[in-house]
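I opened this entry to record how two chains meet. The sequence and the model are placed below for reference.

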Protein chains: 2
Amino acid sequence: MKTKVITISREFGSGGRTIGKLLAKDLNWKFYDKELVNKISEQSNFAKDFIEKRGEYASSKSEFLYSLLENFGTTNGGQSINDKLYITQANIIKELAQEGHCIIVGRCANHILRPRDDVFNIFIHADDEFKSQRIIRLYGETEKTAISRLKDKDRRRAVYYKYYTGEKWGQIDNYDLALNSGKIGIDACVDLIARLIKNI
Amino acid sequence: MKTKVITISREFGSGGRTIGKLLAKDLNWKFYDKELVNKISEQSNFAKDFIEKRGEYASSKSEFLYSLLENFGTTNGGQSINDKLYITQANIIKELAQEGHCIIVGRCANHILRPRDDVFNIFIHADDEFKSQRIIRLYGETEKTAISRLKDKDRRRAVYYKYYTGEKWGQIDNYDLALNSGKIGIDACVDLIARLIKNI
(Lines give C-alpha, C1' and ligand atoms only; values in the text may rest on other atoms or scores of the structure.)
Protein backbone atom coordinates (compact mmCIF):
# COMPACT_ATOMS: atom_id res chain seq x y z
CA MET A 1 0.00 0.00 0.00
CA LYS A 2 1.32 3.40 -0.95
CA THR A 3 -0.39 6.01 1.20
CA LYS A 4 -1.65 9.03 -0.74
CA VAL A 5 -4.00 10.56 1.81
CA ILE A 6 -3.78 10.99 5.59
CA THR A 7 -6.83 11.81 7.68
CA ILE A 8 -6.38 13.18 11.18
CA SER A 9 -9.14 13.01 13.76
CA ARG A 10 -8.33 14.67 17.05
CA GLU A 11 -9.58 15.53 20.48
CA PHE A 12 -9.92 19.27 20.99
CA GLY A 13 -6.67 20.66 22.42
CA SER A 14 -4.57 17.57 21.61
CA GLY A 15 -2.55 19.34 18.91
CA GLY A 16 -3.86 17.15 16.10
CA ARG A 17 -4.24 20.11 13.76
CA THR A 18 -0.70 21.31 14.51
CA ILE A 19 0.64 17.80 13.94
CA GLY A 20 -1.15 17.71 10.57
CA LYS A 21 0.28 21.07 9.55
CA LEU A 22 3.85 20.16 10.50
CA LEU A 23 3.49 16.76 8.86
CA ALA A 24 2.27 18.32 5.60
CA LYS A 25 5.36 20.55 5.61
CA ASP A 26 7.64 17.56 6.26
CA LEU A 27 6.04 15.41 3.51
CA ASN A 28 5.51 18.37 1.17
CA TRP A 29 1.81 17.46 0.96
CA LYS A 30 -1.24 19.74 0.91
CA PHE A 31 -2.96 20.43 4.23
CA TYR A 32 -6.74 20.84 4.43
CA ASP A 33 -8.36 22.35 7.48
CA LYS A 34 -9.23 26.04 7.07
CA GLU A 35 -8.38 25.54 3.40
CA LEU A 36 -11.15 22.96 3.21
CA VAL A 37 -13.59 25.50 4.63
CA ASN A 38 -12.56 27.95 1.89
CA LYS A 39 -13.08 25.32 -0.82
CA ILE A 40 -16.51 24.35 0.49
CA SER A 41 -17.50 28.00 0.66
CA GLU A 42 -16.35 28.59 -2.94
CA GLN A 43 -18.31 25.60 -4.26
CA SER A 44 -21.53 26.28 -2.33
CA ASN A 45 -23.52 29.16 -0.95
CA PHE A 46 -22.52 28.42 2.66
CA ALA A 47 -20.77 31.14 4.64
CA LYS A 48 -17.35 30.23 6.07
CA ASP A 49 -18.57 30.90 9.58
CA PHE A 50 -21.48 28.47 9.11
CA ILE A 51 -19.19 25.78 7.65
CA GLU A 52 -16.83 26.10 10.61
CA LYS A 53 -19.68 25.91 13.11
CA ARG A 54 -21.74 23.16 11.49
CA GLY A 55 -19.33 21.15 9.31
CA GLU A 56 -18.00 19.16 12.24
CA TYR A 57 -20.06 19.90 15.31
CA ALA A 58 -23.55 19.09 16.45
CA SER A 59 -25.37 22.18 17.66
CA SER A 60 -24.80 23.23 21.24
CA LYS A 61 -27.86 23.02 23.49
CA SER A 62 -28.51 26.74 23.28
CA GLU A 63 -28.60 26.53 19.50
CA PHE A 64 -31.05 23.67 19.46
CA LEU A 65 -34.25 25.68 18.99
CA TYR A 66 -32.61 27.83 16.32
CA SER A 67 -31.48 24.68 14.56
CA LEU A 68 -35.01 23.25 14.58
CA LEU A 69 -36.46 26.45 13.13
CA GLU A 70 -33.71 26.64 10.56
CA ASN A 71 -34.22 23.07 9.39
CA PHE A 72 -37.97 23.59 9.36
CA GLY A 73 -37.70 26.53 7.00
CA THR A 74 -34.97 25.44 4.64
CA THR A 75 -35.39 21.82 3.73
CA ASN A 76 -34.21 20.93 0.26
CA GLY A 77 -35.80 17.77 -1.12
CA GLY A 78 -35.97 16.31 2.39
CA GLN A 79 -32.44 17.39 3.26
CA SER A 80 -31.81 19.78 6.11
CA ILE A 81 -29.30 22.54 5.56
CA ASN A 82 -26.87 20.62 7.79
CA ASP A 83 -27.27 17.50 5.62
CA LYS A 84 -26.63 19.58 2.51
CA LEU A 85 -23.42 20.91 4.03
CA TYR A 86 -22.33 17.36 4.95
CA ILE A 87 -22.90 16.10 1.40
CA THR A 88 -21.10 19.09 -0.15
CA GLN A 89 -18.05 18.67 2.06
CA ALA A 90 -18.02 14.88 1.61
CA ASN A 91 -17.89 15.37 -2.18
CA ILE A 92 -15.06 17.88 -1.88
CA ILE A 93 -13.14 15.55 0.46
CA LYS A 94 -13.48 12.74 -2.14
CA GLU A 95 -12.19 15.07 -4.89
CA LEU A 96 -9.19 16.13 -2.81
CA ALA A 97 -8.37 12.48 -2.00
CA GLN A 98 -8.49 11.70 -5.70
CA GLU A 99 -5.82 14.37 -6.30
CA GLY A 100 -3.79 12.72 -3.52
CA HIS A 101 -0.82 13.73 -1.37
CA CYS A 102 -2.91 15.60 1.14
CA ILE A 103 -3.76 15.64 4.82
CA ILE A 104 -7.37 16.24 5.84
CA VAL A 105 -8.32 17.17 9.39
CA GLY A 106 -11.65 16.11 10.94
CA ARG A 107 -15.02 16.25 9.15
CA CYS A 108 -15.55 12.46 9.13
CA ALA A 109 -12.90 12.16 6.38
CA ASN A 110 -11.78 8.73 7.63
CA HIS A 111 -15.33 7.43 7.16
CA ILE A 112 -15.98 9.22 3.86
CA LEU A 113 -12.77 7.84 2.30
CA ARG A 114 -13.17 4.26 3.57
CA PRO A 115 -13.67 2.75 0.08
CA ARG A 116 -10.12 3.88 -0.87
CA ASP A 117 -7.12 1.68 -0.03
CA ASP A 118 -4.52 4.47 -0.10
CA VAL A 119 -5.73 6.31 2.99
CA PHE A 120 -4.01 6.23 6.39
CA ASN A 121 -6.22 7.21 9.33
CA ILE A 122 -4.79 8.79 12.47
CA PHE A 123 -6.38 9.74 15.80
CA ILE A 124 -4.65 12.15 18.19
CA HIS A 125 -5.68 12.32 21.85
CA ALA A 126 -4.14 13.46 25.13
CA ASP A 127 -4.92 13.69 28.82
CA ASP A 128 -7.11 16.54 30.08
CA GLU A 129 -4.24 18.33 31.84
CA PHE A 130 -2.18 18.58 28.63
CA LYS A 131 -5.17 19.69 26.55
CA SER A 132 -6.37 22.24 29.12
CA GLN A 133 -2.99 23.93 29.39
CA ARG A 134 -2.70 23.96 25.62
CA ILE A 135 -6.08 25.58 24.89
CA ILE A 136 -5.56 28.22 27.57
CA ARG A 137 -2.17 29.06 26.03
CA LEU A 138 -3.55 29.13 22.48
CA TYR A 139 -7.08 30.52 22.91
CA GLY A 140 -6.94 32.26 26.29
CA GLU A 141 -9.18 31.94 29.33
CA THR A 142 -12.96 32.17 29.06
CA GLU A 143 -15.80 32.10 31.57
CA LYS A 144 -16.09 28.34 31.10
CA THR A 145 -13.37 26.17 32.57
CA ALA A 146 -10.89 24.62 30.16
CA ILE A 147 -12.19 21.13 30.99
CA SER A 148 -15.79 22.03 30.16
CA ARG A 149 -14.65 23.63 26.88
CA LEU A 150 -12.80 20.42 25.96
CA LYS A 151 -15.71 18.18 26.90
CA ASP A 152 -18.27 20.30 25.04
CA LYS A 153 -16.28 20.40 21.79
CA ASP A 154 -15.53 16.67 21.82
CA ARG A 155 -19.08 15.77 22.75
CA ARG A 156 -20.39 17.79 19.81
CA ARG A 157 -17.81 16.23 17.46
CA ALA A 158 -18.87 12.78 18.65
CA VAL A 159 -22.58 13.53 18.17
CA TYR A 160 -21.94 14.90 14.68
CA TYR A 161 -19.80 11.88 13.75
CA LYS A 162 -22.37 9.43 15.08
CA TYR A 163 -25.21 11.17 13.25
CA TYR A 164 -23.53 11.14 9.84
CA THR A 165 -21.53 7.89 9.97
CA GLY A 166 -23.56 5.72 12.37
CA GLU A 167 -20.31 4.94 14.18
CA LYS A 168 -18.70 5.86 17.47
CA TRP A 169 -16.16 8.66 17.24
CA GLY A 170 -12.74 7.52 18.49
CA GLN A 171 -13.44 3.79 18.03
CA ILE A 172 -9.91 2.32 18.10
CA ASP A 173 -10.20 0.04 15.05
CA ASN A 174 -11.32 2.89 12.79
CA TYR A 175 -7.76 4.29 12.93
CA ASP A 176 -4.48 2.85 11.67
CA LEU A 177 -2.54 4.81 14.26
CA ALA A 178 -3.65 6.49 17.49
CA LEU A 179 -1.24 8.62 19.50
CA ASN A 180 -1.25 10.23 22.93
CA SER A 181 0.36 13.56 22.00
CA GLY A 182 0.65 14.56 25.67
CA LYS A 183 2.83 11.56 26.44
CA ILE A 184 4.76 11.35 23.16
CA GLY A 185 5.09 15.07 22.38
CA ILE A 186 3.89 16.99 19.31
CA ASP A 187 7.25 16.93 17.47
CA ALA A 188 7.85 13.23 18.17
CA CYS A 189 4.37 12.46 16.80
CA VAL A 190 5.22 14.32 13.58
CA ASP A 191 8.56 12.50 13.21
CA LEU A 192 6.99 9.12 13.88
CA ILE A 193 4.19 9.57 11.33
CA ALA A 194 6.46 11.06 8.65
CA ARG A 195 8.89 8.17 8.97
CA LEU A 196 6.10 5.63 8.86
CA ILE A 197 4.42 7.14 5.79
CA LYS A 198 7.73 7.27 3.93
CA ASN A 199 8.34 3.58 4.66
CA ILE A 200 5.01 1.83 4.18
CA MET B 1 9.30 10.63 31.14
CA LYS B 2 11.67 7.74 30.86
CA THR B 3 9.71 4.62 29.99
CA LYS B 4 10.63 1.57 32.06
CA VAL B 5 7.65 -0.68 31.33
CA ILE B 6 5.64 -1.35 28.17
CA THR B 7 2.26 -3.03 28.29
CA ILE B 8 0.81 -4.55 25.13
CA SER B 9 -2.91 -5.23 24.78
CA ARG B 10 -3.88 -6.92 21.56
CA GLU B 11 -6.72 -8.32 19.51
CA PHE B 12 -6.39 -12.06 19.01
CA GLY B 13 -4.48 -12.75 15.80
CA SER B 14 -3.12 -9.21 15.42
CA GLY B 15 0.47 -10.23 16.19
CA GLY B 16 0.67 -8.18 19.40
CA ARG B 17 2.50 -10.96 21.23
CA THR B 18 5.03 -11.35 18.40
CA ILE B 19 5.56 -7.58 18.33
CA GLY B 20 6.22 -7.64 22.08
CA LYS B 21 8.71 -10.48 21.77
CA LEU B 22 10.65 -8.84 18.91
CA LEU B 23 10.55 -5.50 20.71
CA ALA B 24 11.96 -7.04 23.90
CA LYS B 25 14.84 -8.46 21.84
CA ASP B 26 15.47 -5.09 20.20
CA LEU B 27 15.41 -3.17 23.50
CA ASN B 28 17.11 -5.96 25.44
CA TRP B 29 14.23 -5.94 27.93
CA LYS B 30 12.46 -8.84 29.62
CA PHE B 31 9.31 -10.20 27.98
CA TYR B 32 6.42 -11.50 30.06
CA ASP B 33 3.69 -13.58 28.51
CA LYS B 34 4.15 -17.34 29.07
CA GLU B 35 6.92 -16.35 31.51
CA LEU B 36 4.30 -14.49 33.55
CA VAL B 37 2.18 -17.64 33.71
CA ASN B 38 5.20 -19.53 35.05
CA LYS B 39 5.83 -16.89 37.71
CA ILE B 40 2.19 -16.88 38.82
CA SER B 41 2.21 -20.65 39.01
CA GLU B 42 5.41 -20.66 41.11
CA GLN B 43 4.01 -18.12 43.59
CA SER B 44 0.56 -19.68 43.95
CA ASN B 45 -1.13 -23.05 43.83
CA PHE B 46 -2.71 -22.40 40.44
CA ALA B 47 -1.95 -24.78 37.59
CA LYS B 48 -0.43 -23.21 34.46
CA ASP B 49 -3.32 -24.43 32.37
CA PHE B 50 -5.83 -22.73 34.69
CA ILE B 51 -3.84 -19.46 34.66
CA GLU B 52 -3.76 -19.48 30.87
CA LYS B 53 -7.48 -20.16 30.63
CA ARG B 54 -8.72 -17.85 33.37
CA GLY B 55 -6.05 -15.17 33.81
CA GLU B 56 -7.26 -13.16 30.85
CA TYR B 57 -10.52 -14.60 29.61
CA ALA B 58 -14.06 -14.73 30.89
CA SER B 59 -15.46 -18.24 30.75
CA SER B 60 -16.94 -19.38 27.49
CA LYS B 61 -20.69 -20.05 27.56
CA SER B 62 -20.20 -23.80 27.81
CA GLU B 63 -18.02 -23.35 30.88
CA PHE B 64 -20.52 -21.11 32.63
CA LEU B 65 -22.21 -23.75 34.78
CA TYR B 66 -18.86 -25.27 35.71
CA SER B 67 -17.62 -21.84 36.67
CA LEU B 68 -20.63 -21.25 38.92
CA LEU B 69 -20.14 -24.58 40.68
CA GLU B 70 -16.44 -23.95 41.02
CA ASN B 71 -16.93 -20.50 42.56
CA PHE B 72 -19.66 -21.86 44.81
CA GLY B 73 -17.34 -24.46 46.27
CA THR B 74 -14.10 -22.56 46.59
CA THR B 75 -14.72 -19.08 47.86
CA ASN B 76 -11.93 -17.69 49.95
CA GLY B 77 -13.05 -14.92 52.29
CA GLY B 78 -15.64 -13.80 49.74
CA GLN B 79 -13.21 -14.10 46.82
CA SER B 80 -13.91 -16.49 43.98
CA ILE B 81 -11.00 -18.53 42.69
CA ASN B 82 -10.95 -16.28 39.61
CA ASP B 83 -10.68 -13.18 41.82
CA LYS B 84 -7.83 -14.79 43.73
CA LEU B 85 -6.00 -15.44 40.47
CA TYR B 86 -6.58 -11.82 39.36
CA ILE B 87 -5.15 -10.46 42.63
CA THR B 88 -2.15 -12.79 42.53
CA GLN B 89 -1.27 -11.86 38.97
CA ALA B 90 -1.86 -8.15 39.62
CA ASN B 91 0.64 -8.27 42.49
CA ILE B 92 3.22 -10.06 40.34
CA ILE B 93 2.71 -7.54 37.52
CA LYS B 94 3.36 -4.71 40.01
CA GLU B 95 6.54 -6.42 41.23
CA LEU B 96 7.84 -6.91 37.68
CA ALA B 97 7.11 -3.27 36.84
CA GLN B 98 9.07 -2.23 39.91
CA GLU B 99 12.09 -4.15 38.56
CA GLY B 100 11.57 -2.29 35.25
CA HIS B 101 12.76 -2.74 31.66
CA CYS B 102 10.09 -5.25 30.80
CA ILE B 103 7.22 -5.79 28.38
CA ILE B 104 4.00 -7.29 29.73
CA VAL B 105 1.35 -8.71 27.40
CA GLY B 106 -2.37 -8.58 28.27
CA ARG B 107 -3.80 -9.37 31.72
CA CYS B 108 -5.10 -5.82 32.39
CA ALA B 109 -1.49 -4.69 32.97
CA ASN B 110 -2.20 -1.19 31.58
CA HIS B 111 -4.93 -0.74 34.21
CA ILE B 112 -3.00 -2.36 37.06
CA LEU B 113 0.05 -0.14 36.46
CA ARG B 114 -1.87 3.13 35.99
CA PRO B 115 -0.48 4.74 39.16
CA ARG B 116 3.07 4.57 37.70
CA ASP B 117 4.32 7.33 35.39
CA ASP B 118 7.00 5.25 33.66
CA VAL B 119 4.64 2.93 31.79
CA PHE B 120 3.86 3.15 28.06
CA ASN B 121 0.64 1.43 26.99
CA ILE B 122 0.20 -0.02 23.51
CA PHE B 123 -2.80 -1.58 21.76
CA ILE B 124 -2.37 -3.72 18.61
CA HIS B 125 -5.32 -4.41 16.34
CA ALA B 126 -5.89 -5.42 12.71
CA ASP B 127 -8.65 -6.13 10.25
CA ASP B 128 -10.42 -9.51 10.34
CA GLU B 129 -8.87 -10.71 7.07
CA PHE B 130 -5.31 -10.20 8.33
CA LYS B 131 -6.07 -11.81 11.70
CA SER B 132 -7.93 -14.78 10.18
CA GLN B 133 -5.11 -15.64 7.79
CA ARG B 134 -2.61 -15.29 10.59
CA ILE B 135 -4.35 -17.59 13.09
CA ILE B 136 -4.96 -20.26 10.44
CA ARG B 137 -1.24 -20.13 9.52
CA LEU B 138 -0.15 -20.24 13.19
CA TYR B 139 -2.74 -22.44 14.85
CA GLY B 140 -4.27 -24.38 11.96
CA GLU B 141 -7.89 -24.85 10.94
CA THR B 142 -10.54 -25.96 13.43
CA GLU B 143 -14.24 -26.74 13.17
CA LYS B 144 -15.05 -23.14 14.02
CA THR B 145 -14.39 -20.51 11.38
CA ALA B 146 -11.42 -18.22 11.92
CA ILE B 147 -13.73 -15.22 12.32
CA SER B 148 -15.75 -16.87 15.08
CA ARG B 149 -12.52 -17.87 16.88
CA LEU B 150 -11.33 -14.26 16.74
CA LYS B 151 -14.62 -12.84 17.94
CA ASP B 152 -14.96 -15.36 20.78
CA LYS B 153 -11.45 -14.72 22.14
CA ASP B 154 -11.77 -10.93 21.97
CA ARG B 155 -15.26 -10.97 23.46
CA ARG B 156 -13.99 -13.00 26.42
CA ARG B 157 -10.98 -10.71 26.84
CA ALA B 158 -13.32 -7.70 26.81
CA VAL B 159 -15.67 -9.25 29.38
CA TYR B 160 -12.74 -10.14 31.65
CA TYR B 161 -11.26 -6.63 31.34
CA LYS B 162 -14.60 -4.97 32.03
CA TYR B 163 -15.24 -7.18 35.06
CA TYR B 164 -11.90 -6.48 36.74
CA THR B 165 -11.23 -2.86 35.69
CA GLY B 166 -14.74 -1.45 35.21
CA GLU B 167 -13.54 -0.08 31.85
CA LYS B 168 -14.10 -0.85 28.21
CA TRP B 169 -11.37 -2.95 26.62
CA GLY B 170 -9.79 -1.14 23.65
CA GLN B 171 -10.92 2.33 24.74
CA ILE B 172 -8.64 4.59 22.67
CA ASP B 173 -7.55 6.98 25.44
CA ASN B 174 -6.36 4.13 27.67
CA TYR B 175 -3.41 3.59 25.30
CA ASP B 176 -0.49 5.87 24.44
CA LEU B 177 -0.12 4.21 21.06
CA ALA B 178 -2.53 2.07 19.03
CA LEU B 179 -1.40 0.41 15.81
CA ASN B 180 -3.11 -1.43 12.97
CA SER B 181 -0.54 -4.19 12.45
CA GLY B 182 -2.30 -5.39 9.30
CA LYS B 183 -1.83 -2.05 7.60
CA ILE B 184 1.57 -1.13 9.05
CA GLY B 185 3.18 -4.59 9.16
CA ILE B 186 4.59 -6.46 12.17
CA ASP B 187 8.24 -5.48 11.61
CA ALA B 188 7.39 -1.82 10.98
CA CYS B 189 5.39 -1.78 14.24
CA VAL B 190 8.44 -3.10 16.12
CA ASP B 191 10.78 -0.53 14.54
CA LEU B 192 8.37 2.33 15.23
CA ILE B 193 7.89 1.42 18.91
CA ALA B 194 11.59 0.74 19.53
CA ARG B 195 12.56 4.08 18.04
CA LEU B 196 9.91 5.89 20.03
CA ILE B 197 10.85 4.29 23.35
CA LYS B 198 14.53 5.08 22.81
CA ASN B 199 13.69 8.74 22.16
CA ILE B 200 11.02 9.69 24.69
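How many bridges join E5(A) to strand E5 of chain B, and do they run parallel or antiparallel? I found 3 bridges between E5(A) and strand E5 (residues 177-180) of chain B, and the two strands run antiparallel. Strands (E, at least two residues) and helices (H or I, at least four) are DSSP runs numbered from the N terminus; two strands pair if DSSP finds at least two bridges between them. I looked up A:Leu179 and noted B:Leu177 as its bridge partner in E5(B).

Basis of the entry. The model is predicted, with local features needing pLDDT of at least 70 and side-chain atom pairs counting only at pLDDT 80 or more, while totals for chains, interfaces and linings use all residues. Residues are numbered from 1 along each chain as its sequence is written, chains are lettered from A in the order in which they are written, and side-chain values use heavy atoms, without hydrogens and water.

Extent. I noted 23 residues from chain A and 23 residues from chain B in the contact (heavy atoms within 4.5 Å). The chains bury about 2,000 Å² between them, 62% of it on carbon and sulfur atoms; this is accessible area (1.4 Å probe) lost on being put together, summed over both. On the chain A side, A:Ile172, A:Asp176 and A:Lys183 lose the most area to chain B, together 32% of what that side buries.

Charges. I counted 2 salt bridges between chain A and chain B (a Lys or Arg side-chain nitrogen within 4 Å of an Asp or Glu carboxyl oxygen). A:Lys183 forms a salt bridge with B:Asp176, with the closest N and O atoms 3.1 Å apart. Elements giving two or more residues to the chain A side include strand E4 (119-125) and helix H10 (186-199).

Conventions. Buried area = accessible area lost by both parts, 1.4 Å probe.
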